[in-house]
Amino acid sequence: MFNSIDKIASWAKAEGFIYPSSEIYGKFAGVYDYGFYGTLLKNNLQNAWVKSVVQKNSDIVLIDSAIFMHPTTWKASGHIDCFDDPQIDCKKCKARHRADILLETYGINADKLPISEINQIITELKAKGTVFKCPLCGSTDLTPAKRFSLMVKSNLGSPTDALTEENVVYLRAETCQGIYLNFKNVLDSTRLKPPFGIAQIGKAFRNEIIARQFVFRTREFEQMEMQYFCHPDLVAKKYAEWKNARIEWYQEYGISPEKLRFYKHIKLAHYASEAYDIEYQFYCLGNEFKEIEGLHARGDWDLSQHSKFSGANLTYLDPKTNERYTPNVVESSVGLNRILLAFLDNAHTTETLENGQTRDVLKLDYRLSPIKVAVFPLLKNKPDLVAKAQEVYSIVAENFMSEFDDNGNIGKRYRRQDEIGTPFCVTVDFDTLGESNAELKDTVTIRNRDTMQQERVSIEKLKEYIQNSI
Ligand code: ATP
């Protein structure tokens, strides 16, 4: 287990999961690239989410909307006017801080409070004799809190156009706006009628004031969001169902219930009737519970606002009751990169073996493991063994993400696969070639990551064996 964010970051880089962006240029703060294993793990998490949220629910469809949207989208959603964080600068070391996070260290919850109230709290703190200081350099010479917009701006148009407010576009700050904008398209083009849901996975961008916690908080990240549209009378029931379903999903994929909890938001956005976060206890972040997913009952705010700003009719006429209403939204919003960090944090284990040695194992659920099977020839310098192992590799690679490895001794190869969470290692040895015992010809050993037990399995049955175990 990693007891600091720096340790998990350097492990993720060394093992080929996550690299800092633009490293040869000295890194680009708050942005990360995914290596081979990180990309595969991210894909597997997406697939697991799609399976649970979309595939198993006949009333939910998946879409993929564009990152660029009409700029009015963000006016209607309230992001241009209100999507900001309170920023405090240290005048001495020039460090930037989020005022609400700074106040947390003084035991004060200033989540989503207006700037004026935050400054009032700071004044009162100081009046009581508390030393309100920069956590980095200790200076008390800090600016008052001010509004810092999280929206990332860009410009589209001809390169000769002046960069004006007219051609400004925003990189989306959340994926769900693309869902609201397609509500009518989905309603008109599918046979779905409320209650139904639209899900989407995609990039989001936020100009975070501080992005110092590896992939927990970055300026470019991915969200997996589902918006469920229903009659207002159904909101409470659907909200309770989604709340349950979502926390159970983390447990199904290996996170124990004690490391998960709900956090109820007391201060709600004016349109919301209910808001909970699912929090995970990050060992790498000082064992603190931190948000990984938001669950919100958003009322009819989203569709009403877009209707108001676009003029489109986003209501629904129920043919049975003849009632016309604006569907209400129940939302589940997951940060893909943040849960990837949670799953790594949860899975990394150091075990002491019977011989006193230790081994690092990434105990991911097999369905999430980046590589499912590694194939080794027992010895590297025996062409017959290598050729046979390559043949076995081609067979398993047809069905599973696999790796061929003939570097170092078998023990080292096992350790390497344990470290990236590979559930099965297949070794081709002299028995596979039928050299000493004809009965063992075309059989291989298959070793399990968790039990370290080996079994002899025929090459013919390998696919079935692995399939059944995953
Ligand atoms: P936070 O309070 O941590 O800033 P938030 O409440 O603004 O998060 P939401 O807008 O509800 O987050 O977004 C839903 C999910 O998206 C979060 O639960 C989180 O998993 C993820 N997320 C949000 N911001 C970031 C970010 N900057 N980097 C990585 N993931 C993020």
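Guide: Let us begin with a pair of residues: Phe282 stands opposite Glu288 in strand 13. Please bear in mind that this is a predicted model.

Visitor: What makes strand 12 and strand 13 a pair?

Guide: Two strands pair if at least two bridges are found between them. Strand 12 (residues 274-282) and strand 13 (residues 288-299) have nine bridges, in the antiparallel sense, so they are counted as a pair.

Visitor: To which sheet do these strands belong, and in what order do its strands run?

Guide: The sheet is open and has seven strands, in the order 3-9-10-16-13-12-11, with mixed pairing. Strand 3 (60-63) and strand 11 (260-264) are its edge strands, each pairing on one side only. On average, neighbouring strands of this sheet are turned by 25° against each other, direction ignored.

Visitor: Which helix lies across strand 12 and strand 13?

Guide: That is helix 11, which also lies across strand 10 (220-230) and strand 16 (328-335). Helix 11 runs at about 35° to strand 12.

Visitor: Why are strand 5 and strand 6 called edge strands?

Guide: They belong to an open sheet of three strands in the order 5-4-6, with antiparallel pairing. Strand 5 (96-98) and strand 6 (146-149) each have a single partner strand, so one side of each is left without a neighbour in the sheet. The twist in this sheet averages 50° from one strand to the next.

Visitor: How do you know that strand 4 and strand 5 are partners?

Guide: The requirement is at least two bridges, and three bridges join strand 4 to strand 5, which run antiparallel; the pair therefore qualifies.

Visitor: Why is Thr445 called buried?

Guide: Buried means under 20% relative accessible area. Thr445 has a relative accessible area of 12%, and is therefore buried.

Visitor: Where is Thr445 found, and what stands opposite?

Guide: Thr445 is found in strand 22, and stands opposite Arg456 in strand 23. Leaving aside neighbours within four places in sequence, the residues in contact with Thr445 include Cys425, Val426, Asp429 and Arg456.

Visitor: What makes strand 22 and strand 23 a pair?

Guide: Five bridges join strand 22 (residues 443-448) to strand 23 (residues 454-458), and at least two are needed, so the two strands pair; they run antiparallel. Their hairpin has five residues between the strands, and Met452 takes a positive phi near 65° there.

Visitor: Which residues of helix 6 are buried, and why are they said to be on the same side?

Guide: Ile118, Ile121, Ile122 and Leu125 are the buried ones. They cover an arc of only 100° around the axis, which puts them on the same side of helix 6. In general, an α-helix has 3.6 residues a turn, so residues three or four places apart point the same way. The buried residues of helix 6 pack against strand 4 (84-89) and helix 5 (99-104). On the other side of helix 6, the exposed residues are Ser116, Thr123 and Ala127. Gly129, with a positive phi near 95°, follows helix 6.

Visitor: What makes the buried residues of helix 1 line one face?

Guide: In helix 1 (residues 5-14), the buried residues are Ile5, Ile8, Trp11 and Ala12. Seen down the axis of helix 1, they fall within an arc of 130°, so they line one face of the helix. The face turned away from this buried side carries the exposed residues Asp6 and Ala14. Among the elements covering the buried residues of helix 1 are strand 1 (18-20), helix 11 (336-347) and helix 13 (410-420).

Visitor: Which residues have the most contacts inside the largest nonpolar core?

Guide: They are Phe17, Trp49, Tyr250 and Phe343, in a core of 60 residues. Helix 2 (residues 36-55) gives the most to this core, with nine residues. A second, separate core has 18 residues, including Ala389, Val396, Val428 and Leu462.

Methods. Residues are numbered from 1 along each chain as its sequence is written. This is a predicted model: local features need pLDDT of at least 70, side-chain atom pairs count only at pLDDT 80 or more; totals for chains, interfaces and linings use all residues. Side-chain values use heavy atoms; hydrogens and water are left out. Buried means under 20% relative accessible area, exposed over 50%, partly exposed in between (1.4 Å probe, protein chains only). Helices (H or I, at least four residues) and strands (E, at least two) are DSSP runs, numbered from the N terminus. The arc is that of the directions from the helix axis to the C-beta atoms. Contact means heavy atoms within 4.5 Å. A nonpolar core is a set of buried Ala, Val, Leu, Ile, Met, Phe, Trp, Tyr and Cys residues joined through side-chain atoms within 4.5 Å. Axes are lines fitted to C-alpha atoms, for helices over the stretch in contact, and angles run from 0 to 180 degrees between N-to-C directions.
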